[in-house]
There are 2 protein chains.
Amino acid sequence: MTDEAWRDQLRSRGQRVTPQREAILRALSALPHPTPESIHAALVAEEPGLSLSTVYRTLAVLQELEIVSHAHIGSGPPVYHLVERPPHIHLSCLRCGAVVSVPVESAAGFTRDVAASTGFRIDATHSAIYGVCAGCGTIGP
Amino acid sequence: MTDEAWRDQLRSRGQRVTPQREAILRALSALPHPTPESIHAALVAEEPGLSLSTVYRTLAVLQELEIVSHAHIGSGPPVYHLVERPPHIHLSCLRCGAVVSVPVESAAGFTRDVAASTGFRIDATHSAIYGVCAGCGTIGP
DNA sequence: CTGTGTGCAAACGGTTTGCAAGACT
DNA sequence: AGTCTTGCAAACCGTTTGCACACAG
């Protein structure tokens, strides 16, 4: 999504385009798995005085407009990302906390089977799945 | 797991058996998807003065001993349960909040594929997966 | 000019921790 | 008796909110 695109999307929905919102959208496309805090930390340099509450409020607005989405990773803060990116599942390492992404198609068979047997329609992009990453797995059990 | 079993398991690992711990273990086997708070709420009647910190500390100990496990459901508090074989995956409905369980084998193909392609070894029992349950799915999109 | 968005600081809910008193072994 | 566990209260972290000012439209 280009700068133009979200500007239009914001304005057409009665939302204002502010320097803070532009900065947050830039951070969202630049950072790999940003949390509200990491977005704030990454931006205080270029946008001095940017408050954490603005980050939270902006993320809420962008979510409402379906420009961004978020996933919960363990007990920690959620990670946000632009929706245009190919949908992916977050895998969170129980040992080192690393977050690995895999395309949703990886779970296609699983979601199909569950839907067939229980009627539950899984959307695997909204939550992280735990496990042990390749690096940590080679060290111990 | 019987009362005897966890008593032994606690003592054999150098942990003490206290009325509070017994009460918490009873609550874990009685309540469907208990959170630390709901365990505390359910026990204050029979164990007056039981503190929330004790619930948290006991759950941490029981987790360490692999007597209980927990799963994160959305941004809310985690739900705990006794480690049962067969292990379950928790599916959480985004509409009504219902928690549906499916055997971990449902995801066997998915976990195998991910391990093969990324080396990440998934343990799907540690996190809830979002979606829309059968009941809610029949009403709308 | 109007009303929305912002910064600040304080409130909030869930969780953790320091400490002294208490209880299990 | 000695050490682990508890209760209490305060600290803590991520998030939300109330308010007055700033600024996009």
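This is a predicted model: local features need pLDDT of at least 70, side-chain atom pairs count only at pLDDT 80 or more; totals for chains, interfaces and linings use all residues.

What follows is a short chat about chain A and the DNA strands.

Q: How many helices and strands are in chain A?
A: Chain A has 6 helices and 6 strands.

Q: In what pattern do they come along the sequence?
A: Chain A reads α-α-α-α-β-β-β-β-α-β-β-α.

Q: What does the C-alpha trace of chain A span?
A: About 45 × 35 × 25 Å, taken along its principal axes.

Q: What share of chain A is buried?
A: Of the 141 residues in chain A, 41% are buried.

Q: And the accessible surface of chain A, what does that come to?
A: The figure is about 7,000 Å², and carbon and sulfur atoms hold 54% of it.

Q: Switching to DNA. Which residues are closest to DNA strand D?
A: DNA strand D is surrounded by 22 residues, and the closest are A:Tyr56, A:Pro78, B:Gln15, B:Arg16 and B:Thr54. Sugar and phosphate make up 67% of the atoms of DNA strand D that come within 4 Å of the protein.

Q: Which side chains have an N or O atom by a base of DNA strand D?
A: Two examples can be given. The side chain of A:Arg16 has an N or O atom 3.2 Å from a base nitrogen. The side chain of B:Arg16 has one 2.7 Å from a base oxygen.

Q: What lies by a phosphate oxygen of DNA strand D?
A: A backbone N or O atom of A:Val17 is 3.2 Å from one.

Q: Which helix gives the most to the surface near DNA strand D?
A: That is H4(A), with 4 residues. The helices that each supply at least two residues there include helix H3 (36-43) of chain A and helix H2 (19-30) of chain B.

Q: Now DNA strand C. Which residues are closest there?
A: DNA strand C also has 22 residues around it, and A:Gln15, A:Arg16, A:Thr18, A:Thr54 and B:Tyr56 are the closest.

Q: What is there by its phosphate oxygens?
A: An N or O atom in the side chain of A:Thr54 is 2.4 Å from a phosphate oxygen of DNA strand C. B:Glu37 has a polar side-chain atom 3.4 Å from a phosphate oxygen of DNA strand C.

Note on methods
Residues are numbered from 1 along each chain as its sequence is written. Chains are lettered from A and ligands numbered from 1 in the order in which they are written. Side-chain values use heavy atoms; hydrogens and water are left out. Buried means under 20% relative accessible area, exposed over 50%, partly exposed in between (1.4 Å probe, protein chains only). Accessible areas come from the Shrake-Rupley method with a 1.4 Å probe; for residues, only the protein chains shown count as cover. A residue is near a molecule or strand if one of its heavy atoms lies within 4 Å of it. A polar contact is a pair of N or O atoms within 3.5 Å; within protein, one must be able to donate a hydrogen and the other to accept it, and residues adjacent in sequence count only if both atoms are side-chain atoms.
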